[in-house]
Amino acid sequence: MRKIIGISLSSFLLALTAYTQTTIHRDPEIEQMVKEVSADSLQSYIKQMVAFGTRNTLSAKNDHKRGIGAARNWVLSKFNAFAQQSGGRLTAYIDTVTLAADKKRVDTATLLGNVVAVLKGTDPNDKRIFLISGHLDSRRSNVMDRTGDAPGANDDGSGSAAVIECARIMSSHAFPATIIFVTVSGEEQGLLGADFMASKAKKQEWNIEAVLNNDIMGSNNSSETQIIDNTRIRVFSEGLPAYETEQSAKNIRQFGLENDGKARQLARYVKETGERYVENLEVVMIYRNDRFLRGGDHSPFVEKGFAAVRITEMNENYNHQHQDIRKENGIQYGDLPEFMDFEYLRKNTAMNLSNLANLAKAPAMLEEVKVEVKNLGNYTDLNWKTPKTGKTKGYYVMMRETTSAVWQKKFFTAETSYRLPYSKDNYFFAVQAVNETGNESLGVVPTPAR
């Protein structure tokens, strides 16, 4: 065993790790917001959404009590009520577009509306946007049935309730970056509301750094096993997005970065941050953009180059999705509130909130993160530029083995360069900025400096 000043190399590395790794603490402000997430509030939101009878995108727009029109007006009223405590920073509106009949799932011209609340960031130089979404519309077994009851308690009353609850709590707090809360329509008709919003964001060059899409996140058991699982939540993330160019694909292959795209980095962040703030909850990363035969509102954002993930309960119950309300052979079908676990929904909502708050409070993502590859060697030398916005305490250099799904070590430095006694050939690295309250930016994987 080689010796360094009288100690073994392994002992030296162990001591170095102990010295450079920094204990990560909870931000007290975020911790308090997490405590304010209420299962009772979430249940009340879902009870009201179910009371609209149906929220099918093709249902009534002008009825005050029933249909998608009444539902989105109610969400707007909630956002406007929260705006009263925001000091003028929260504004809400219904963003509409008229859809032409497409001979698929829209059989007549339809006014589609996304209910949007924008919590403006306090730093005028910080153009970053973080977005949380759920879909307000619901469906029956026949997606074109716009008149029969379609309660949509879990699909996706749960995701919409999470959006509303995050807006309620976060609207009374200030963040340097902007947060958008949105309940979209048209998901069941083909992700139409999300595509409308993502297309607008792309055209207008919104600086969206992360999209958290929540869909079906409030039930704790599957239709087959009936095993209760209310301690785990899935986060789906794309590996190789459709927008990657041929040159990007070449770099991904050369450096083995097929698991380090924007969405995958966001998923790792969601896991680390969510588990930091929410007790008795494991965030399970799924290396797929979505489930088999299904689609979600994060996909239009992913396809347009934004970092977006889907958050979904661990085991879905298909007796309570896309089903007419009925009882057959002793089995109750239908997406009803009695099949939900509101404590589980509380934890999943708190996980979303902690991530949104941590991201929006953090400095901007780093730019020009480089790894030196000019010479052979068993050390790794990294350097980067300071972030454009946000006050930094320093930086975390993250490291993981090439076969690990998650970051395994975090090293703190106050400098804009770092040298590690680990070979760049054997590990993946990323760097994130961190401020005085411990809020980290998304990690940036280094590119070779030549």
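Trainee: Which residue of strand 7 stands opposite Ile 132?

Mentor: Strands of a sheet pair through backbone hydrogen bonds, in a parallel or an antiparallel sense. This is a predicted model, and in it Leu 212 of strand 7 is the residue opposite Ile 132. Strand 5 and strand 7 run parallel and are joined by six bridges.

Trainee: How many bridges join strand 7 to strand 10?

Mentor: Four, and these two strands also run parallel.

Trainee: In which sense do strand 8 and strand 10 pair?

Mentor: Antiparallel: strand 8 (residues 232–237) and strand 10 (residues 308–313) share five bridges. Arg 234, for instance, has Thr 312 of strand 10 as its bridge partner.

Trainee: What is the order of the strands in the sheet?

Mentor: Read across the sheet, the order is 3-4-6-5-7-10-8-9; the sheet is open, has eight strands and shows mixed pairing. On average, neighbouring strands are turned by 25 degrees against each other, with direction ignored.

Trainee: Which strands does helix 5 touch?

Mentor: Helix 5 (residues 157–170) packs on the sheet and touches strand 4 (110–119), strand 5 (128–135), strand 6 (178–184) and strand 7 (207–214). The direction of helix 5 makes about 150 degrees with that of strand 6. Helix 8 (residues 262–277) lies across strand 7, strand 8, strand 9 and strand 10, and runs at about 165 degrees to strand 9.

Trainee: How many residues of strand 7 are buried?

Mentor: Seven of its eight, so read "buried" as under 20% relative accessible area. Strand 7 is mostly covered.

Trainee: What span should helix 6 have?

Mentor: Helix 6 (residues 192–203) has twelve residues, and at 1.5 Å a residue they should span 16 Å. The C-alpha atoms at its ends are 16 Å apart, which agrees.

Trainee: Which residues of helix 6 are buried?

Mentor: They are Gly 193, Ala 194, Phe 196, Met 197, Ala 198 and Ala 201. Those buried residues pack against helix 9 (299–303) and against strands including strand 3 and strand 7. Just after helix 6, look at Glu 205, which takes a positive phi of about 60 degrees.

Technical notes: Residues are numbered from 1 along each chain as its sequence is written. This is a predicted model: local features need pLDDT of at least 70, side-chain atom pairs count only at pLDDT 80 or more; totals for chains, interfaces and linings use all residues. Side-chain values use heavy atoms; hydrogens and water are left out. Two strands pair if DSSP finds at least two bridges between them. Axes are lines fitted to C-alpha atoms, for helices over the stretch in contact, and angles run from 0 to 180 degrees between N-to-C directions. Contact means heavy atoms within 4.5 Å. The expected span of a helix is 1.5 Å times one less than its number of residues. Buried means under 20% relative accessible area, exposed over 50%, partly exposed in between (1.4 Å probe, protein chains only).
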